[in-house]
Structures are given as structure tokens and as C-alpha cells.
Amino acid sequence: MKTVLITGAAGNVGSHLRRELAGRYNLRLSDIVPVKDISPGEKQARGDVAKMADMLRVTKGVDAIVHLGGFSAEGPWESILHANIIGCYNVFEAARRNGVKRVLFASSNHAAGFYRRDVKIDHRVYPKPDSRYGVSKAFGEQIGSLYADKYGLEVFCMRIGNVNPVPPDKRRLSIWISPRDLARLVSVGIENPNINFEIVYGVSDNRRSWYDNSNARRLGFLPQDDAELYAAEVLAKDKPGDPRTEMYQGGTFVLAEYGGDPSRKTAIRKVPKAGTVKKAARAGGKKTPKSMKAAKQKKRK
Ligand SMILES: NC(=O)c1ccc[n+]([C@@H]2O[C@H](COP(=O)([O-])OP(=O)(O)OC[C@H]3O[C@@H](n4cnc5c(N)ncnc54)[C@H](O)[C@@H]3O)[C@@H](O)[C@H]2O)c1
């Protein structure tokens, strides 16, 4: 049986995965806080992802790492830097030094939260983070890419939507993943023999999905749940939010600390509707007095 290290095992996602993966893997559970109620088949290995010595110790001898540990929402730069940027580097570097074959990284929808909701995105879009947290997830994906290409690590990045027994609100009808579907995705990430570097979306088979998750399906992910089952109940309680959060996939994360630059308000109103960017590109781009002035200024630089 494979030995799988879960970092951040004491958290919400870690707790769901422990339950869903029990009996299928030997689980090594690591967190900065103690993990409670260790059962047979589980071992505790306390550690701070921001400390390389800890990561070298806890990653020794495992077949795969499911890296969840870190700051799981928008927060102060120092917290994100410590837990998510330095922590993520340490996990990949410790995996490399200890010869761990595979790393599954818990990325997030917030790595691409500034895509609009009327656009369906797939695993090939470039990141558009909606927060420092989202930037840290894009960083994790990119360091994963580097370690895959340069050192041959096998890296599986899951842009997780929202892990919950049931979808709690309208936005999450589009990004929800049930704990058992997440366990299915994690199993694909551990077991598929042909992974070099992959990005997939961690979402159930939601009818209202904003993602084309064909890459996950190609690799063998067959989600069984659909948030639509809960839609009537969720929508009956729904209260419309701020139109700016309703416009973007990242929801309230796009609005966190919004207002640092007042001109952004105008910029947001001018975001073109889906499809108009393509049309403009086909037409060779329409010259406006503003774009001509900007081009002149660019030349001057
Ligand atoms: N919950 C979701 O729906 C969701 C969605 C997208 C991505 N994710 C990602 O999945 C992962 C797990 O999310 P979660 O909801 O369980 O978050 P959580 O906050 O419940 O758990 C995170 C765990 O990481 C641990 N941790 C924090 N700093 C650490 C450090 N320096 N060293 C070691 N451990 C540390 C915490 O103690 C905690 O147990 C996170 O990386 C999160 O960004 C979660």
C-alpha cells in the first residue's frame, strides 16, 4: 500500500480526505497543529511547512504528497508569504531532495478568480489571481511546473472550487466539489501513471460549472455529484451580492480591499462582454483617440 503524506491534515479538506481515503493508503498526517483522533493506518508527523528541516523530515519515504497546508483564505502578506510561498517552495524542494515521486498541490479557483463568470475556462488559461492568496496558488502551480520540467517530479495541481458536503450558496453551485469527488480526483492524481505536470479543476460534475474540466476527465476523473441537486434550495435563500463580485468567478475575493485605486471602478465598467475581445482582435483592433494616445506614450518610454 502506498504511503501518502497529507500536509495541513488537521484542516477542513484534510479531515474529509482522511475519512474518504481511509484503508486505501497509509496516511502520514502533518500539520502545524496536532491532528486529532489518529486511527490505525494513520501516523502523525507534526511540522511547519515554512521550516525546511520539518519538511525534509516529514516527506522522507513517502510515495506521494497531498499538499494542503497553509493559509486558506485572503490574508496579510506576511502570513501568505510564510505559509503559502515559502511553505510551498519547501514542500517541493523537500520532495525533490527526498526523491518523492509525486506531489498533488491544492491550488484554488482563486488563482484564476478574475475571469468573468460568462466565460468558460479550462486548464490552459493563464492565471488571473483575485487576491494575494490567489497569487500564492498561482506561485504553487508555477513552482510545480518548474520542478516537473527541471527535476522530473510528477505534479498534479488541483484548482479546487469549494469542498463542502453541500453547496452553501449560488456561487458555489458552479464551483462545488463533494468530499467523495475530491477523493476520486486525489486518487487519480496519485494513481495515474502518466502524469508529468497537470492542472485540473477540483469540481464536481456541476451543471452550472464555469470550467471545462476535460483535462481531469482525460486523466480518469469521473465525478459522481452535481450541485444542481441543491440548486432550488440554495437559490430560494439567495440574496444578490455586489455586482462586482457577481461578475467574476472569484466572488467576494475580487472585492477584498477593492478601492485601493479609484480608477479601477471605471476600468471594471469598461470590461468588454464575452466575445467582443475576439471580434476586436479579428478586426485588427479599433483605433480610438485614447488607444492612439496610449500608443504614443508607450513609444516615448
Ligand atoms: N476548502 C476549500 O474549499 C478549498 C478550496 C480551494 C483550495 N483549498 C486549499 O486546500 C487546502 C486546505 O484547505 P482547508 O479548507 O482544509 O483549509 P484549513 O484552513 O481548514 O486547513 C489548512 C491547514 O493548514 C494548516 N497550516 C497552516 N499553516 C501551516 C504551516 N505553516 N505549516 C503546516 N500546516 C499549516 C492549518 O493548521 C490547517 O489545519 C488549502 O491549501 C486551501 O488553500 C481549499
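Colleague: In which sense do strand 1 and strand 2 pair?

Modeller: This is a predicted model, in which local features need pLDDT of at least 70, side-chain atom pairs count only at pLDDT 80 or more, and totals for chains, interfaces and linings use all residues. Residues are numbered from 1 along each chain as its sequence is written. Helices (H or I, at least four residues) and strands (E, at least two) are DSSP runs numbered from the N terminus, and two strands pair if DSSP finds at least two bridges between them. Strand 1 and strand 2 have 5 bridges, and the sense is parallel.

Colleague: Which residue of strand 2 stands opposite L5?

Modeller: Strands of a sheet pair through backbone hydrogen bonds, either parallel or antiparallel. Across the parallel pairing of strand 1 with strand 2, the residue facing L5 is R28.

Colleague: How many bridges join strand 1 to strand 4?

Modeller: Strand 1 covers residues 3-7 and strand 4 covers residues 64-67. I6 stands opposite V66 of strand 4. The two strands run parallel, and the number of bridges is 4.

Colleague: What is the strand order of the open sheet?

Modeller: The sheet has 7 strands with parallel pairing. Its edges are strand 3 (42-44) and strand 9 (197-202), each of which pairs on one side only. Neighbouring strands are turned by 20 degrees against each other on average, direction ignored. The order is 3-2-1-4-5-6-9.

Colleague: Why is strand 1 described as largely enclosed by the rest of the structure?

Modeller: A residue is buried if 20 or more other C-beta atoms lie within 10 Å of its own, exposed if 12 or fewer, and partly exposed in between, with C-beta atoms placed from the backbone. Strand 2 is largely enclosed because 4 of its 5 residues are buried. For strand 1, the reason is that the buried residues number 4 of the 5.

Colleague: At about what angle does helix 6 run to strand 5?

Modeller: Axes are lines fitted to C-alpha atoms, for helices over the stretch in contact, and angles run from 0 to 180 degrees between N-to-C directions. Helix 6 (residues 179-191) lies across strand 1, strand 4, strand 5, strand 6 (154-160) and strand 9. Its angle to strand 5 is about 145 degrees.

Colleague: How is helix 1 oriented to helix 6, roughly parallel or roughly perpendicular?

Modeller: The two axes come within 9 Å and cross at roughly 75 degrees. Angles under 35 degrees count as roughly parallel, over 145 as roughly antiparallel, 65 to 115 as roughly perpendicular and the rest as oblique. Helix 1 is therefore, relative to helix 6, roughly perpendicular.

Colleague: Which residues of helix 6 make the contact with helix 1?

Modeller: Two residues are in contact if their C-beta atoms, placed from the backbone, lie within 7 Å. The contact residues divide into 6 nonpolar, 1 polar and 2 charged (Ala, Val, Leu, Ile, Met, Phe, Trp, Tyr, Cys and Pro count as nonpolar, Asp, Glu, Lys and Arg as charged, and the others, Gly among them, as polar). Helix 1 gives H16, L17, E20 and L21, and helix 6 gives P179, R180, L182, A183 and V186.

Colleague: Is D37 buried or exposed?

Modeller: D37 lies in the loop between strand 2 (26-30) and strand 3. Its phi is near 55 degrees, a positive value in a residue other than glycine. Because D37 has 7 C-beta neighbours inside 10 Å, it counts as exposed.

Colleague: What distance separates the C-alpha atoms of S39 and R18?

Modeller: S39 is in the loop between strand 2 and strand 3, and with 10 other C-beta atoms within 10 Å it is exposed. S39 and R18 are 21 residues apart along the chain, and their C-alpha separation is 9.7 Å.
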